[in-house]
Amino acid sequence: GKPLITVDDVTKMMSITSSTIDAEIYYTLNGTEPSESSTKYSSQRQLTENCTIKAIAIKDGISSEIAIYEETEFVVSKPIITQSNETDIEMSSSTIGATVYYTIDGTNPTKESTKYEGKFTLDESCVIKAIGIKQNYTNSEIATFAYSKPGGELVINNNIAGNLPSRLSEGEKMSTKGLIVSGNLNGTDIAFIREMIINGKLTDLNIENSNIVSGGDPYYVPEYGTPDYTTDNVVGKNMFDDCSNLISLKLPSSVTTISRLSFWGCTNLKDLRFPASCTTIESSSFYGCKNLSSIYLGSQVDTFEGDNFSGCDNLGYIDVDAGNKKFKSVDGVLYTTSGKIVKYPIGRNDKEFSIPNEITEIGKNAFDDASIESVGIPEGLVSIGSSAFAGCKNLTTIVIPNSVSVIGHMAFWGC
């Protein structure tokens with residue numbers, strides 16, 4: 001009969017038996033087909049690594065079906081990362097023969113990452129991630145370590161959502177200027193970060209390796225109206241409202257949506273890149289961010305309106321990932337690939353601007369508050385959106401061709 005392969009869960013001793021009396025058993029441990037030239041089974045054998053066991057019973061020249069057993073329980077132990085002498089980092093794994101690989105940019109390590117070969121020193125605050133790898137073993141869990149450079153940015157690994165307030169002392173809460181957080185952030189954590197920005201000294205926030213998750217307390221409680229709570233992978237409405245001390249922000253790489261009014265009044269925000277995962281940027285999300293000088297739209301953004309950056313007086317350039325199929329940037333001006341001008345950056349100093357001939361639509365708020373004096377509109381333009389040129393106080397020359405059939409509400413208000 002077909003052999004029976006068993007492996008003890010604790011000792012990892014392998015046994016192979018056959019119900020056929022006097023049958024001889026042959027086996028392999030590398031997944032190849034067994035035959036009479038394979039290893040002959042005579043007694044138990046202890047396994048030392050993951051393997052595919054195949055066995056066959058033979059008697060009087062007749063072979064049984066092949067029995068197969070997959071051993072997968074040999075796993076490299078999770079690396080241990082320790083810090084000594086303030087700046088020295090050491091790593092180890094209790095699995096003999098395992099090699100540790102690591103990253104210091106928050107990305108998940110692989111065998112292609114930097115190999116740990118001994119104690120090393122870090123110059124900047126960062127999130128360290130390490131993995132243990134050994135041939136014929138399952139890779140270890142990824143270990144994460146938050147390294148804070150003495151006198152530099154504070155680094156926190158907040159794996160349990162809602163725990164951030166307990167990770168910092170009152171002094172750290174009020175005095176920290178730079179903060180890097182990995183892990184999970186719910187409403188309780190976001191509310192705490194808002195306090196650090198509004199009431200403390202926090203100006204530079206990096207939550208690139210965090211996930212925004214639902215749950216916890218409301219992060220924003222208006223004087224009138226409904227409190228705001230977190231939703232998975234969403235920068236919610238009013239999340240950074242009135243955080244005027246914030247200068248630099250790296251958003252979570254898992255964010256899919258930027259909600260309306262989420263950065264209203266962040267008057268000192270200068271540096272912002274949208275993560276590749278972001279698909280939707282809702283209206284008025286950055287209204288009044290007057291020091292924002294440039295933005296970068298990732299490859300997945302497919303919803304964006306011109307009023308997103310109304311009041312961003314210093315915005316001079318909008319860049320778009322080359323892989324984006326919905327939007328494109330030409331000399332820093334934002335267009336759709338289907339023929340609409342979406343946003344002319346307010347901070348540009350052009351006196352004259354000519355809309356490309358292939359454009360058939362001017363989007364709402366596309367030029368609002370721009371200092372432009374003259375705009376050339378091509379023949380073939382069909383539509384001018386609402387508030388398209390609202391607040392363009394210096395605009396003196398614009399010729400609307402006969403092809404235009406739609407002019408939106410307040411398209412030239414305040415000109």
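Start with Asn206, which is buried, at a relative accessible area of 14%; buried means under 20%, with a 1.4 Å probe and protein chains only. Before I go on, this is a predicted model, where local features need pLDDT of at least 70 and side-chain atom pairs count only at pLDDT 80 or more, while totals for chains, interfaces and linings use all residues. Residues are numbered from 1 along each chain as its sequence is written, and side-chain values use heavy atoms, with hydrogens and water left out.

Asn206 sits in strand β18, residues 204-206; strands are DSSP runs of E, at least two residues, numbered from the N terminus. What does Asn206 contact, leaving aside its neighbours within four places in sequence? Leu179, Ile180, Val181 and Lys250, where contact means heavy atoms within 4.5 Å. A polar atom of the Asn206 side chain also lies 3.0 Å from the backbone nitrogen of Glu208.

Now the pockets. On a 1 Å grid over the protein atoms alone, a pocket is an open set of points where a 1.4 Å probe fits, with protein on both sides within 12 Å along at least five of seven lines; lining residues have an atom within 4 Å of a point.

Glu208 lines the largest pocket, and so does Lys250. Strand β23 gives the largest share of that lining, three residues.

In the second largest pocket, the lining includes Ser182, Gly183 and Asn209. Here the largest share, three residues, comes from β15. β15 (143-147) and β17 (178-185) each supply at least two residues of this lining.

Methods: Helix = DSSP H or I, 4+ residues; strand = E, 2+ residues; numbered from the N terminus. Buried < 20%, exposed > 50% of the residue type's maximum accessible area, 1.4 Å probe, protein only. Polar contact = N/O pair within 3.5 Å; in protein donor to acceptor, adjacent residues only side chain to side chain.
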